[in-house]
Amino acid sequence: MPKKKSPPRRPSASDPKTARQQELNTKRRGELSELAFAHKAATEGFGVAKPYGDSERFDFILVSRDWPEGDKLWRIQVKSTASLINGFYHISPARHSCGSVIAYKPTEVDFVIAHIIPDDSWFIFPIRETPTCLALRPKSHPRGIHEPYREAWHLLRPPK
């Protein structure tokens with residue numbers, strides 16, 4: 001009697017991911033963080049606009065009202081991570097092009113906003129104050145050097 005074949009095994013969530021699967025997961029997480037940003041910014045009272053396509057260096061235009069000279073428009077680049085490594089969430093506030101890592105310039109972006117997905121926390125960095133590599137502490141250890149930028153939505157509003 002021939003041996004009965006078992007059905008093909010489905011990959012489990014813990015199986016190693018291919019480069020394509022990893023890219024899709026990273027891309028999906030980034031898209032979800034962008035949606036979360038739009039919701040958070042609107043909840044904070046800002047107007048939110050998304051440019052058509054993905055050719056701009058920024059992800060959003062944020063409308064900040066009540067400035068003495070009228071509304072301010074900020075170019076926002078959103079970065080996100082869910083990976084805690086040695087007690088820090090690491091984010092590269094740069095873009096990738098042809099295998100190179102290129103820092104954002106003040107002529108391209110006004111703010112880099114880092115979303116820490118597990119904490120659902122936001123770090124708001126003016127581009128001129130954005131380090132080349134970010135190592136951010138979780139909410140449970142709020143003593144990192146970047147702590148003044150956590151939930152710093154006031155940086156996008158007119159001074160009081």
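Buried means under 20% relative accessible area, exposed means over 50%, and partly exposed lies in between (1.4 Å probe, protein chains only). This is a predicted model, in which local features need pLDDT of at least 70, side-chain atom pairs count only at pLDDT 80 or more, and totals for chains, interfaces and linings use all residues. Residues are numbered from 1 along each chain as its sequence is written, and side-chain values use heavy atoms, with hydrogens and water left out.

**View 1. E44 pairs with R157.** These two residues form a salt bridge, with the closest N and O atoms 2.9 Å apart. The pair links distant parts of the chain, 113 residues apart. E44 sits in the loop between α1 (19-43) and β1 (47-49), and R157 in the segment after β10 (134-136). Helices (H or I, at least four residues) and strands (E, at least two) are DSSP runs, numbered from the N terminus. A salt bridge here is a side-chain nitrogen of Lys or Arg within 4 Å of a carboxyl oxygen of Asp or Glu. E44 is partly exposed, at 26% relative accessible area. R157 is also partly exposed, at 28%.

**View 2. A network joins K40, E44, E151 and R157.** Salt bridges link these four residues. Across the whole structure, the search finds 11 salt bridges.

**View 3. E108 meets R57.** Their side chains form a salt bridge of 3.2 Å, N to O. This pair, too, links distant parts of the chain, 51 residues apart. E108 lies in the loop between β7 (100-103) and β8 (111-116). R57 lies in the loop between β1 and β2 (60-64). E108 counts as buried, at 13% relative accessibility. R57 is partly exposed, at 34%.

**View 4. E147 meets R150.** The N to O distance in this salt bridge is 2.6 Å. E147 is partly exposed, with a relative accessible area of 21%. R150 counts as buried, at 13%.

**View 5. One cavity of 30 Å³ or more is found in the whole structure.** A cavity is a set of points, on a 1 Å grid over the protein atoms alone, where a 1.4 Å probe fits but cannot get out. Grid points are joined across faces, edges and corners, and the volume is the space filled by probe spheres set on the points. The largest cavity holds about 30 Å³ of space. Its lining residues, which have an atom within 4 Å of a point, are F123, A135, L136, R137, G144, I145, H146 and E147. Four are nonpolar, two polar and two charged.

Terms used:
On a 1 Å grid over the protein atoms alone, a cavity is a set of points where a 1.4 Å probe fits but cannot get out, and a pocket is an open set with protein on both sides within 12 Å along at least five of seven lines; lining residues have an atom within 4 Å of a point. Ala, Val, Leu, Ile, Met, Phe, Trp, Tyr, Cys and Pro count as nonpolar, Asp, Glu, Lys and Arg as charged, and the others, Gly among them, as polar.
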